[in-house]
Amino acid sequence: MKNAYAHMTECATEAARIARGVDAAPPASAPTPCHGWDLRELINHWVLYTSYGLECRALRTPIPDELTARDFTADADWPERYAAQLDKAVAAWSDPAVWEGGIDTGHGATPAPDVAGMLIMETVLHGWDVARATGQEFRLSGPAARYVLETVEGAAALYRQYEGFAGEVVLPAGESDLRRALALSGRDPRAATAA
């Protein structure tokens with residue numbers, strides 16, 4: 001739990017930094033590396049699941065229906081609200097007891113550390129998507145990037161089966177763990193952006 005929580009904290013901090021680097025009213029038409037999602041849709045998904053969803057999983061409660069239809073980007077201060085919600089969500093995982101047992105994901109109980117890992121992975125992958133779409137660079141320490149790569153490796157087949165990941169992008173040898181995680185998830189870290 002200790003290392004995973006440290007990685008969660010780092011990834012949330014970087015996600016908040018990226019959000020603060022986005023225009024307050026992102027253009028809906030802006031392309032992103034996520035096929036079929038414009039920038040506003042991507043940000044709304046990212047905010048919903050990596051902050052509110054992260055907290056709700058820790059508390060073992062469903063995400064309130066009113067949040068699933070909300071346009072978070074309609075609020076000019078959405079980056080600060082997102083950062084505050086990330087802090088609240090990460091704090092909800094600070095209790096070691098939260099990391100014990102299972103969490104109902106709608107398909108049965110999943111071990112809490114696995115759920116946390118998936119949400120950390122989503123924070124990073126979609127954080128990178130937002131960063132790439134807005135001319136920023138998503139940065140992680142070596143240990144956090146290695147954790148994300150291991151999580152992507154464990155989830156790739158399942159995510160690909162449900163079209164959550166595109167096909168793996170082949171990179172040359174010697175790439176960083178973060179770039180390898182991105183490539184395994186179907187993202188091309190070498191491309192300027194994806195339409």
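**Close-up views of the predicted model**

**Figure 1. Glu-163, an exposed residue in the loop between α6 and α7.** With a relative accessibility of 72%, Glu-163 counts as exposed. Glu-163 belongs to the loop that runs between α6 and α7, and its backbone adopts a positive phi of about 60° although the residue is not a glycine. Most residues other than glycine have a negative phi. As in every view described here, the coordinates come from a predicted model.

**Figure 2. The whole protein, shown for orientation.** The protein contains seven helices and two strands, which follow one another from the N terminus in the order α-α-α-α-β-β-α-α-α. The C-alpha trace spans about 40 × 40 × 30 Å along its principal axes, and the radius of gyration is 16 Å, which agrees with the value near 16 Å for a compact globule of 195 residues. Buried residues account for 47% of the 195 residues, while the accessible surface comes to about 9,500 Å², with 53% of it belonging to carbon and sulfur atoms. Of the contacts between residues at least 6 apart in sequence, 69% join residues at least 24 apart. The side chains include 17 positive and 27 negative ones, and the centres of these two sets lie 4 Å apart. The mean pLDDT is 92, with 98% of the residues reaching 70 or more; confidence is lowest in α6, where the mean is 93, and highest in helix α4 (residues 78-92), where it is 98.

**Figure 3. Helix α7 and the elements that cover it.** Helix α7 comprises residues 177-184, and six of its eight residues are buried, so the helix is largely enclosed by the rest of the structure. The buried residues are Asp-177, Leu-178, Ala-181, Leu-182, Ala-183 and Leu-184, and what covers them includes α5 (112-133) and α6. Just after α7, Gly-186 takes a positive phi of about 95°.

**Figure 4. Thr-151 on helix α6.** Thr-151 lies in helix α6, which covers residues 142-161, and is buried, with a relative accessible area of 14%. When residues up to four places away in sequence are not counted, Thr-151 touches Gly-117, Met-118 and Met-121.

Figure 5. Although Glu-122 has an acidic side chain counted as negative, its relative accessibility is 15%, and it counts as buried. Glu-122 lies in helix α5 and, with residues up to four places away in sequence not counted, touches His-45, Trp-46, Thr-50, Gly-127 and Tyr-159. One of these contacts joins Glu-122 to Trp-46, a residue 76 places apart from it along the chain, and the C-alpha atoms of the two are separated by 7.7 Å.

Figure 6. Leu-119 is found in helix α5 and counts as buried at 12% relative accessibility. Leaving aside neighbours within four places in sequence, Leu-119 is in contact with Tyr-49, Thr-50, Gly-53, Leu-54 and Arg-57.

Figure 7. Arg-60 has its place in the loop between α2 (39-59) and α3 (65-68), where it is partly exposed, with a relative accessible area of 35%. The phi of Arg-60 is positive, at about 60°, although this residue is not a glycine. Glu-100 is found in the loop between α4 and β1 (102-104) and, at 54% relative accessibility, counts as exposed. With residues up to four places away in sequence not counted, Glu-100 touches Arg-60 and Ala-112. The C-alpha atoms of Glu-100 and Leu-86 are separated by 21 Å, the two residues being 14 apart along the chain.

Note on methods:
Residues numbered from 1 in each chain as written. Predicted model: local features only at pLDDT ≥ 70, side-chain atom pairs only at ≥ 80, totals over all residues. Heavy atoms only, no water. Helix = DSSP H or I, 4+ residues; strand = E, 2+ residues; numbered from the N terminus. Rg over C-alpha atoms; globule rule 2.2 N^0.38 Å. Buried < 20%, exposed > 50% of the residue type's maximum accessible area, 1.4 Å probe, protein only. Contact = heavy atoms within 4.5 Å. Areas by Shrake-Rupley, 256 points an atom, 1.4 Å probe, with all protein chains shown as cover. Charge placed at Lys NZ, Arg CZ, Asp CG, Glu CD. pLDDT = per-residue confidence, 0-100.
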